[in-house]
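The sequence and the structure are shown first, and the description follows.

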Amino acid sequence: MSSSGWNLTGDALAETLFSGVAVGCKYALVALGFVIVFKATKVLNFAQASFVLVGGFLCWQMAVTWELNFYVALLAAMVGGAVLGMVVEQLLMRRLLGEPPFALIMLTVGVLYVLDNVTTAIWGPEDRGLQDPWGSRTVDLGAVNLAVADLWTIGVTSAALLAFYLFFGHSSLGLAMRATADDQEAALAVGIDARTVHRVSWAVAGALGALAGIMLASGAGSVGPGLGLIALVAFPAMILGGLESPLGAVVGGLVIGMAQQLTALLQPEFAPWLGSGFERVAPYAIMVAILLVRPYGLFGEREVRRI
Amino acid sequence: MVVGSTIEPTLGQADKALDVENLEVVYNDVVLVLRGVSLNIARGAIVTLLGANGAGKTTLLRAVSGLLELHRADATKGSIRLDGHDVTRLASASRVGKGLAQVMEGRRIFTSLTVEENLRSGGIAAASRSEANDTFGRMLEMFPVLARRLHDVAGYLSGGEQQMLAIGRALMSGPSMLLLDEPSLGLAPRVVEQIRDVVVEVNRHGTSVLLVEQNAAMALSIADHGYVMEHGRIVREGPASSLLADRDIAEFYLGGGTDRRSYADVKTYRRRKTWGA
């Protein structure tokens with residue numbers, strides 16, 4: 001018996017780290033959506049959070065109301081997210097092409113609020129369970145309990161990252177997107193169609209956002225207007241990793257997820273004077289600390305100015 | 001009126017790789033940069049465009065390759081034809097599809113991608129994948145220096161290697177008309193010679209070339225025909241040999257007298273002349 005009343009076990013720590021990875025994966029999916037749009041179009045897309053929200057609701061609509069198979073609903077919601085991303089790009093972003101980035105960023109903030117209110121108008125303000133097949137089931141690994149939803153989250157995220165990596169590294173559309181991200185004008189000059197690149201970026205961001213929304217709502221989570229707010233925690237994850245780096249988005253997401261879960265576990269024990277719910281502040285505190293040391297994020301690129 | 005008729009008095013529309021007619025370009029809806037430029041390039045020719053900084057050469061290239069919109073500029077008058085097709089309102093990608101390629105000023109390679117990825121990116125617009133693969137092989141033969149550094153990140157290449165890469169990337173789409181914007185800028189004399197040889201070689205395989213250069217001696221040494229641009233207008237044109245013999249051009253672009261004047265000197269000289277007036 002320790003004198004400080006320390007009752008943290010190795011198993012509790014392992015469980016926390018595991019759920020930290022799972023939470024981090026969800027943030028990584030959201031952050032990856034942010035990064036892909038930023039890389040291709042240099043727009044900080046706040047509407048990413050509404051893709052998360054709409055994705056969660058679409059999946060709920062199909063899986064619960066229409067009683068479709070959950071996995072079918074998941075894929076269909078991702079397609080829905082992709083379509084939504086393309087519509088936003090086609091109807092709004094494209095019309096401001098060439099305008100100052102600030103105007104485009106404000107436009108995405110507008111989209112965020114509009115979509116937030118539209119979803120509330122359609123589906124109402126209450127939280128509801130996604131009724132995913134994972135629920136609150138756990139598997140026991142010795143004394144360690146792992147949530148099935150978390151296992152799925154980690155698996156699905158890994159698959160999405162692998163697909164993302166293969167697409168970017170080994171397809172000609174992926175090459176076109178990387179070339180456009182590197183130098184848009186030069187990409188246009190070699191005949192890469194920037195409109196296609198932009199459309200695909202927004203579609204991928206929409207699909208990743210929807211997937212993130214479903215993962216956030218699965219297990220112990222729920223679908224409700226708050227989903228978009230949770231997604232904004234991915235914002236520090238993205239900034240932490242560096243706006244331009246997909247790898248940074250993933251690492252940033254994992255750092256934030258782990259930090260949040262560890263704070264929730266350790267802070268009441270060691271720093272109860274910080275009050276309750278400090279784990280919601282922790283991601284931002286870490287973001288600030290890292291930016292002070294590395295203003296471009298962990299994997300960010302310094303802007304190279306052409307002479 | 002057909003400008004450039006001095007070489008081929010009966011140059012028909014179909015014999016022109018590029019035909020720019022009375023082109024006017026306005027930036028931000030107010031700044032008139034091209035004031036009715038006409039220029040054409042006979043199929044298979046090398047044509048050079050000379051002019052001081054700010055004359056509008058790069059704007060003309062942007063207009064031809066369809067990149068004006070990105071700079072908040074617009075072609076308000078005139079037309080651009082590629083191989084007889086009007087492309088004035090076409091998107092840049094469609095123009096590449098019609099056989100146009102451009103090497104931009106400052107090389108503009110994709111610095112974060114590898115040499116191979118840079119070349120492959122130029123082949124995305126090629127007619128077919130197998131064609132792109134064939135061209136890729138030919139580029140490696142043509143530029144052994146790139147073949148040796150295929151998997152290196154392009155940003156770490158030397159200036160000369162980057163220029164070779166920029167040219168190779170542009171050739172990957174199999175163009176019939178190549179625009180080159182100051183390919184010799186900032187490069188050592190030996191590298192400039194290599195680039196000149198590459199341009200001649202590319203042209204020998206049937207690609208028409210529009211070469212924008214500050215290095216007028218180099219440009220005129222390989223060009224068939226030349227244009228001189230000033231303040232958004234074509235002020236002189238003629239066969240390269242007659243431009244080489246021209247006293248004004250010698251003074252401004254080749255450096256008069258026995259001591260070769262650098263371009264920077266000419267620029268200061270020009271400025272003094274304008275301001276002093």
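## Helix packing in chain A

In a right-handed crossing, helix α2(A) passes helix α3(A); a crossing counts as right-handed if the near helix is turned clockwise from the far one by less than a right angle, and left-handed if anticlockwise. On the side of α2(A), the contact is made by A:F51, A:V54, A:G55, A:L58, A:C59, A:M62 and A:A63, and on the side of α3(A) by A:F70, A:A73, A:L74, A:A76, A:A77, A:G80, A:G81, A:L84 and A:G85. Two residues are in contact if their C-beta atoms, placed from the backbone, lie within 7 Å. These residues divide into 12 nonpolar, 4 polar and no charged. In this division Ala, Val, Leu, Ile, Met, Phe, Trp, Tyr, Cys and Pro count as nonpolar, Asp, Glu, Lys and Arg as charged, and the others, Gly among them, as polar.

The model is predicted: local features need pLDDT of at least 70, side-chain atom pairs count only at pLDDT 80 or more, and totals for chains, interfaces and linings use all residues. Residues are numbered from 1 along each chain as its sequence is written, while chains are lettered from A and ligands numbered from 1 in the order in which they are written. Helices (H or I, at least four residues) and strands (E, at least two) are DSSP runs, numbered from the N terminus.

The table sets out the geometry of two helix pairs. Axes are lines fitted to C-alpha atoms, for helices over the stretch in contact, and angles run from 0 to 180 degrees between N-to-C directions.

| Helix pair | Angle | Distance between axes |
|---|---|---|
| α2 (48-65) and α3 (70-91) of chain A | about 140° | 8 Å |
| α10 (234-241) and α11 (246-270) of chain A | about 130° | 7 Å |

The angle makes α10(A) oblique to α11(A), and α2(A) and α3(A) are likewise oblique to each other. Angles under 35 degrees count as roughly parallel, over 145 as roughly antiparallel, 65 to 115 as roughly perpendicular and the rest as oblique. The crossing of α10(A) and α11(A) is right-handed. Its contact has 9 nonpolar, 4 polar and no charged residues.

## Enclosed helices

Of the 11 residues of helix α6(A) (residues 172-182), 8 are buried, so this helix is largely enclosed by the rest of the structure. A residue is buried if 20 or more other C-beta atoms lie within 10 Å of its own. The cover over the buried residues of α6(A) includes α1, α5, α7 and α8 of chain A together with α3 of chain B.

Helix α6(B) (residues 159-171) has 13 residues and reaches 18 Å from its first C-alpha to its last, close to the 18 Å expected at 1.5 Å a residue. That expected span is 1.5 Å times one less than the number of residues. Because 11 of its 13 residues are buried, α6(B) is largely enclosed by the rest of the structure. Its cover includes β6, α3, α4, α5, β7 and α7 of chain B.

## Chain B and the interface

Chain B has 11 helices and 10 strands, and buried residues make up 44% of its 277 residues. The contact between the chains takes 26 residues from chain B and 17 residues from chain A. On the side of chain B, α2, α3 and α6 each give two or more residues.

Technical notes. A residue is buried if 20 or more other C-beta atoms lie within 10 Å of its own, exposed if 12 or fewer, and partly exposed in between; C-beta atoms are placed from the backbone.
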